[in-house]
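This report covers strand pairing and aromatic contacts in one protein model. The sequence and coordinates are shown below.

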Amino acid sequence: MKKLNIILILIFTIVASPFVLATTYVNSCQTIYSSGYYQLSQNLVSPDGNNCINITSDNVALDLNGFSISNSTNTESSGIYIDGKNNITIENGILINNFYGLSINLTKNSLITNLNVNNNIGYGLSIIGSK
């Protein structure tokens, strides 16, 4: 019986391991090019008036981990920008002092949860043509 249990554990580990997502920590404004699980490790401020986080891949989960994303200029940019993607999750943080806190265009099957969005110049949330 012990041998069978060990074999079952090994089989489960081998089969399940490709589905475990490693965490990629984000400590600066950047473009997310690959699917995966991303987590902020500090507050982010875009110093140059560009979008702070651009998501250019499907199947991305971004956990702000209680941190904030803001912009130091008054340009028409977003804290987080997503265009034409699928299966995106944004959660657990603050979007403050941007033009658009979160801008989502033509994006499908996505989840936005537990965000504090305030003091943005344009719209806190801009959602256009998304399902």
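In which segment does Gly-129 lie? The model is a predicted one, and in it Gly-129 lies in the segment after E12. Not counting residues up to four places away in sequence, Gly-129 touches Leu-106 and Thr-107. The C-alpha atoms of Gly-129 and Thr-107 are 7.3 Å apart, with a sequence separation of 22 residues.

**Sheet**

Five strands make up an open sheet with parallel pairing, in the order E2-E5-E8-E10-E12. Strand E2 (30–32) and strand E12 (125–128) are the edge strands, each pairing on one side only. From one strand to the next, the twist averages 10 degrees. Strands E8 (residues 78–83) and E10 (residues 100–105) run parallel and are joined by five bridges. Ile-80 has Leu-102 in E10 as its bridge partner.

**Aromatic cluster**

Phe-99, Tyr-100 and Tyr-123 form one aromatic cluster. The count of aromatic pairs is two, as tabulated here.

| Pair | Centre to centre | Angle between planes | Class |
|---|---|---|---|
| Phe-99 and Tyr-100 | 4.9 Å | 80 degrees | edge-to-face |
| Tyr-100 and Tyr-123 | 6.1 Å | 5 degrees | stacked |

Buried means under 20% relative accessible area, and exposed means over 50%. Phe-99 has 18% relative accessibility, so Phe-99 counts as buried. Tyr-100 is buried because its relative accessible area is 17%. Tyr-123, with a relative accessible area of 54%, is therefore exposed.

Key: Residues are numbered from 1 along each chain as its sequence is written. This is a predicted model: local features need pLDDT of at least 70, side-chain atom pairs count only at pLDDT 80 or more; totals for chains, interfaces and linings use all residues. Side-chain values use heavy atoms; hydrogens and water are left out. Two strands pair if DSSP finds at least two bridges between them. Helices (H or I, at least four residues) and strands (E, at least two) are DSSP runs, numbered from the N terminus. Axes are lines fitted to C-alpha atoms, for helices over the stretch in contact, and angles run from 0 to 180 degrees between N-to-C directions. Contact means heavy atoms within 4.5 Å. Rings of Phe, Tyr and Trp (its six-membered ring) pair if their centres lie within 6.5 Å; planes under 30 degrees apart count as stacked, over 60 as edge-to-face and the rest as tilted. Buried means under 20% relative accessible area, exposed over 50%, partly exposed in between (1.4 Å probe, protein chains only).
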